[in-house]
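Trainee: I have just opened this entry and would like to go through one part of it with you. May I ask my questions as we go?
Mentor: Please do.

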Amino acid sequence: MKNPLETPGTTIVLGLLLTAALYGGLRLTAPAAGPTESTPAVEASESPVADEASASETASGETAATDSEPTATDSESVASGDASALAEAASAEPATP
Amino acid sequence: MDGALLGEYVLLWLHLLFGFTWIGLLYYFNLVQIPSLKNLSPEAKAEVFKEGSIARTALLYFRWAAVGTVLVGLALLGHRGLLVQALTLSGPTNLRGLGVGCWLGIVMLFNVWAFIWPNQKKVVGIIPATAEEKAAAGRTAMLVSRTNFMLSIPMLFFMEAYSHGLN
């Protein structure tokens with residue numbers, strides 16, 4: 001019988017089967033609380049986008065949506081995770097009707 | 001951008017540069033070079049593998065890109081503080097998957113330096129060998145290279161799946 005590794009096609013099929021087997025094994029051996037949680041590749045606090053979104057939610061609590069547009073200064077505060085600074089800056093701006 | 005985040009980007013960038021070089025050449029060998037060289041005469045093969053040839057240059061980049069990929073990958077995990085968790089296959093599913101990908105990459109690196117390169121040295125004539133020994137070494141190198149080709153498929157799946165929150 002020919003070794004399946006001798007042709008690229010059968011090697012790819014073996015690779016796909018191995019992928020399915022390893023993934024299945026990973027799921028089967030997942031801890032009870034594990035299947036739904038996941039670790040992001042980058043920490044949330046390192047992501048300006050994620051922090052900006054959460055800061056905007058804080059800022060738009062009592063003001064109109066247009067009030068939550070961050071300024072350059074706000075962005076720096078957001079990047080450093082200081083959501084309250086953005087909320088304060090947003091509420092200081094005049095509300096747009 | 002703080003220093004930690006810059007370090008993360010640079011390490012990830014280097015990991016991808018080394019990784020694309022390594023796996024790209026692995027796929028070139030398995031999909032293009034090995035099938036194409038199969039029907040060549042011993043004299044023609046000697047010409048293909050002579051010093052300074054494309055094949056030898058490709059092998060040079062191949063084996064050192066493998067080293068770079070794994071070392072920078074481990075450094076990246078260490079930088080993130082996830083090295084022990086990943087290598088012990090603990091934590092959430094995507095991190096355990098990343099650990100599986102890491103181990104596959106480490107096994108592939110071992111295969112390159114323990115089996116493929118020593119046998120390739122006989123094939124290309126760096127180590128003197130008879131025609132029979134060259135043929136046997138060539139077959140061993142080919143089968144181990146194909147094994148790496150096979151292992152690269154789940155390895156890439158788990159590496160990519162980690163970034164996208166596999167669960």
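Trainee: Which residues of α1(B) are buried?
Mentor: Please keep in mind that this is a predicted model. The buried residues of α1(B) are B:H15, B:F18, B:G19, B:W22, B:I23, B:L26, B:F29 and B:N30.

Trainee: What covers the buried residues of α1(B)?
Mentor: The cover includes α3 (54-80) and α6 (131-163) of chain B, together with α1 (8-28) of chain A.

Trainee: How many residues does helix α1 of chain B have, and what does it span?
Mentor: Helix α1 of chain B runs over residues 3-37 and has 35 residues. From first C-alpha to last it reaches 48 Å, close to the expected 51 Å.

Trainee: Where is the kink in α1(B) centred?
Mentor: The kink, of about 40°, is centred on B:F29. B:F29 is also one of the buried residues.

Trainee: At what angle do α1(B) and α3(B) cross?
Mentor: Their axes cross at roughly 145° and come within 8 Å. The crossing is left-handed. The residues of this contact comprise 17 nonpolar, 9 polar and 1 charged.

Trainee: Changing topic, which helix holds B:L156?
Mentor: B:L156 lies in helix α6 of chain B. Between B:L156 and B:G19 there are 137 residues in sequence, but 10.0 Å in space from C-alpha to C-alpha.

Trainee: Why does B:L156 count as partly exposed?
Mentor: B:L156 counts as partly exposed because it has 17 C-beta neighbours inside 10 Å, whereas a buried residue needs 20 or more.

Definitions and conventions
Residues numbered from 1 in each chain as written. Chains lettered and ligands numbered in written order. Predicted model: local features only at pLDDT ≥ 70, side-chain atom pairs only at ≥ 80, totals over all residues. Helix = DSSP H or I, 4+ residues; strand = E, 2+ residues; numbered from the N terminus. Expected span 1.5 Å × (residues − 1). Bend = angle between axes of the 7 residues up to and from the residue. Buried ≥ 20, exposed ≤ 12 C-beta atoms within 10 Å, placed from the backbone. Contact = placed C-beta atoms within 7 Å. Axes fitted to C-alpha atoms, helices over the stretch in contact; angles between N-to-C directions. Left-handed = near helix turned anticlockwise from the far one by under 90°. Nonpolar A, V, L, I, M, F, W, Y, C, P; charged D, E, K, R; others polar.
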